[in-house]
Amino acid sequence: MAEEHPMDHSGMPVVSVRPVVLPAPGRGDDLQVRVSAPVSGDELPVIVFSHGFGGSMDGYAPLVDHWAANGFAVVQPTHLDSRTLSVGPDDPRYHDIWRIRVEDLVRTVDGLDLVEAALPGLAGRLDRGRIAVAGHSWGAQSASMLLGARVLDAGGEPGPDLSDPRVRAGVLLAVPGTGGGDLTPFAAEHFPFMNPDFAAMAAPALVVAGDKDQSALSVRGPDWFTDAYRLGTGPKSLLTLFGAEHSLGGVSGYDSAETTDESPARVALLRRLAWAFLRSALYPGEPAWSAALAELEKTAGAPGVVESRAG
């Protein structure tokens, strides 16, 4: 089903199609994705977006609409934990969903030929050399694995390297922090995969955290969501949003019921800075990121602040 969207206030008209079905032998269900792209423009860079727990390819319109209207093709897979699929704890795949999520993202990159063919007018317009990942919450952890993060096993040893060299940069929104003693007993028992090691996550990444994001999964405060920035290697930037909780002002949807901290200003800043970060990460020498930071510094009462490091 193809859908046309009204033009984003700062970009081009956008068209989307869903579902695009990517064959997934051994997964139990084929992978369904949504693709959104501007109606014109060639050599479009690609963002593969991973939703949070229970979400689907139909979420995150405040981000996806903006990024697509401003020159990206955005592909959104629906993971097995989606409420639209009803894969529960009694399903044999349930305890491996975290790994299947990562496989979904890789399969999406593998399937860009099918993605191109599914959206009328998109064939031949994707730039396969400029691919980024993004994700929110559990989706951010999934995305981080393609950037080089790993999951520590029960003995504290890093698990397999699931990074993908085709993915050149990422945006991690409310990405969970380290495990072990930082987890609540409930989280440690039910989410053993929530034990990331960011030491090898060397790809450029923008980490976005809310300074009021108090997780029920961690015994730490909101700084837990900055671990990917502080512990990762390589070029990293951290956007801290003031007053933001886990929805970061409302990234999940325009009318998302789980948004308790609605703030169009926060969302506007987040999506604009994320766009600028990825533009400069994927196009070396592109001034979008430095220009966005300069604008932020001049903005009185801005809803967030950025810090960066080279590695």
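1. The second largest pocket of this predicted model holds about 190 Å³ of space. Its lining counts 13 residues, and G249, G250, G253, Y254 and E262 are the closest to its centre. Helix α7, residues 264-282, gives the most to this lining, with three residues. By class, the second largest pocket is lined by four nonpolar, six polar and three charged residues.

2. Now the largest pocket. About 820 Å³ of space lies in it. Of its 41 lining residues, G52, F53, G54, S137 and W138 are the closest to the centre. Helices α2 (97-110) and α5 (185-190) each supply at least two lining residues. The largest share, three residues, comes from α5. The lining of the largest pocket divides into 16 nonpolar, 17 polar and eight charged residues.

3. Look next at the aromatic rings. The count comes to nine aromatic pairs. One of them joins F186 and F191 edge-to-face, 6.0 Å centre to centre with 70° between the planes. F186 is partly exposed, because its relative accessible area is 46%. F191 is partly exposed too, at 23%.

4. W224 and F225 also form an edge-to-face pair, with 5.1 Å between centres and 70° between the planes. Both of these residues, W224 and F225, are buried.

5. Which residues make up one aromatic cluster? They are F53, W98, W138, F186, F191 and F193. Of these, F53 and W138 are also among the residues closest to the centre of the largest pocket.

6. Two arginines deserve a look. The charged end of R101 sits over the ring of W138, 4.5 Å from its centre. R309 lies over the face of Y229, at 5.2 Å from the ring centre.

Technical notes:
Residues numbered from 1 in each chain as written. Predicted model: local features only at pLDDT ≥ 70, side-chain atom pairs only at ≥ 80, totals over all residues. Heavy atoms only, no water. Phe/Tyr/Trp six-rings, centres within 6.5 Å; stacked < 30°, edge-to-face > 60°. Buried < 20%, exposed > 50% of the residue type's maximum accessible area, 1.4 Å probe, protein only. Lys NZ or Arg CZ within 6 Å of the ring centre and 35° of its normal. 1 Å grid on protein atoms, 1.4 Å probe; cavity = no way out; pocket = protein on both sides within 12 Å on 5 of 7 lines; lining within 4 Å. Points joined across faces, edges and corners; volume = space filled by probe spheres on them. Helix = DSSP H or I, 4+ residues; strand = E, 2+ residues; numbered from the N terminus. Nonpolar A, V, L, I, M, F, W, Y, C, P; charged D, E, K, R; others polar.
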